[in-house]
Amino acid sequence: MWWGYSESLDLQNEITEGDDQFSSSLEVFIVGAGDARHIIKTLASSYKHPDRIITYHVIEPTLEQVARSILLLNVCLQKDLGLQEATRYYLEILGNTLLRPATAKYLAKCTKQLINISTCTIDCPWLSLENFKYKDRDNLECIFKFWIRATCEGIPIINYWDHRIRELLKARYDYREGVFDWDYYMILKPRGIFNLTVQEYKFWRNNGVAFTWLEGEPVRSNPTLLNNIIQYGPGFVHHAYLGDIVNGPFFTWTTSERKDKKFRATDIAEGELMRTIYEIKMKKPLCENYIGAHRDPSILNGTIVTEVPNIEVEFESWTSVNNKTNKENISWVEIPNHKVFYILQ
């Protein structure tokens, strides 16, 4: 529900010989992709193709998925984010139930900017919500406000995740490690995710944290993985986690196989996404030696799995988070030939 199950595609490469490959404009219709990976990949590869105006018409079944897609696009297009910084923000928001404190603070700050977009307070050159009714815009604003509050106050998302696992496995819950092992070898491996280790997969199945690094510990809840968010009086009501608990977010950026070295799925995803964001910003390929250059080679050959923090840390309230954002500081990479139109199913 919250991510796709196919690799990211450069949509301009999908134009067949029978189509008008040299047309000055292109209309793309994307239905239920689950995230913004195809748009991001197409933006990154646009410098390899002749200049043309591309309009993306994106249909998603829920407003929460639209909000997440806008957020992920914003991460990739925001000018003042470093390459590694943007890459890890994206991956954590995409597939982790728990975020590092730095990512959680960015989410609270960024969401404040997105509220201004949904209310038409500022103009976003790459996004159009003209197909939304005013009610849908209000609900989108409500979702963004909930993300800010839930990021600061914390939500029991690990409990939600565990409840889903118990509901799925029932009597097999006490033997879940064996179930996860079977799913990994009999379901995930045949689908072509070569660099996904069994430790990574089991860790995600147990607590919903798909991408981990030694440099930071995920301790804050990720409210973007909740749906059916409704404002009720001064607060909000929402459903618990209703997304995928079997396959994981590993199909989107980790399907490329690296046989020369032993990389985790996290390392593959980080490299692919870092390369993509660099191409969006610089309009040229990224030097391969740059990817992973900040790490010791011995770390790259290991399996990095962290422990889930104490549940009290997840519920720790942030009362002093500064969410004030100067509108003049909002800046995105210029993509004048690309425009995204969202349509609610």
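**Reading helix packing and strand order**

Modeller: Let's open with a pair of helices: α1 passes α2 in a right-handed crossing. The near helix is turned clockwise from the far one by less than a right angle in a right-handed crossing, and anticlockwise in a left-handed one. This is a predicted model, where local features need pLDDT of at least 70 and side-chain atom pairs count only at pLDDT 80 or more, while totals for chains, interfaces and linings use all residues. Residues are numbered from 1 along each chain as its sequence is written, and side-chain values use heavy atoms, with hydrogens and water left out.

Colleague: At roughly what angle do the axes of α1 and α2 cross?

Modeller: Two packed helices are described by the angle between their axes and the distance between the axes. Here α1 and α2 (residues 63-77) cross at roughly 25°, and their axes come within 10 Å. Axes are lines fitted to C-alpha atoms, for helices over the stretch in contact, with angles from 0 to 180 degrees between N-to-C directions. Helices (H or I, at least four residues) and strands (E, at least two) are DSSP runs, numbered from the N terminus. The two helices are therefore roughly parallel to each other (under 35 degrees; over 145 is roughly antiparallel, 65 to 115 roughly perpendicular, the rest oblique).

Colleague: Which residues of α1 and α2 meet?

Modeller: Ile39, Ile40 and Leu43 in α1 meet Leu72, Leu73, Cys76 and Leu77 in α2, where contact means heavy atoms within 4.5 Å. That contact has seven nonpolar residues, no polar and no charged ones. Ala, Val, Leu, Ile, Met, Phe, Trp, Tyr, Cys and Pro count as nonpolar, Asp, Glu, Lys and Arg as charged, and the others, Gly among them, as polar.

Colleague: How do α1 and α9 cross, and what touches what?

Modeller: The axes of α1 (residues 37-44) and α9 (residues 265-282) come within 8 Å and cross at roughly 50°, which makes α1 oblique to α9. This crossing is left-handed. Ile40, Lys41, Leu43 and Ala44 of α1 touch Thr276, Glu279 and Ile280 of α9. Sort them by class and you get four nonpolar, one polar and two charged residues.

Colleague: And α7 with α8: at roughly what angle do their axes cross?

Modeller: Roughly 125°, with the axes of α7 (residues 176-188) and α8 (residues 198-207) coming within 10 Å. That makes α7 oblique to α8, and the crossing is right-handed. Among the contact residues are Phe180 and Tyr184 of α7 and Tyr201 and Arg205 of α8. The tally for this contact is six nonpolar, one polar and six charged.

Colleague: On to the sheet: in what order do its strands lie?

Modeller: Strands of a sheet pair through backbone hydrogen bonds, either parallel or antiparallel. In this open sheet the four strands run in the order β1-β2-β8-β4, with parallel pairing (two strands pair if DSSP finds at least two bridges between them). β1 (25-31) and β4 (127-128) are the edge strands. Seven bridges link β1 with β2 (residues 53-60), seven join β2 to β8, and two join β4 to β8. Phenylalanine 341 in β8 is the bridge partner of histidine 57 and also stands opposite serine 128. Serine 25 has isoleucine 53 of β2 as its bridge partner. α1 packs on the sheet too, touching β1, β2 and β8 (338-344), and its direction makes about 170° with that of β2.

Colleague: How many salt bridges does a search of the whole structure find?

Modeller: Ten, each a side-chain nitrogen of Lys or Arg within 4 Å of a carboxyl oxygen of Asp or Glu.
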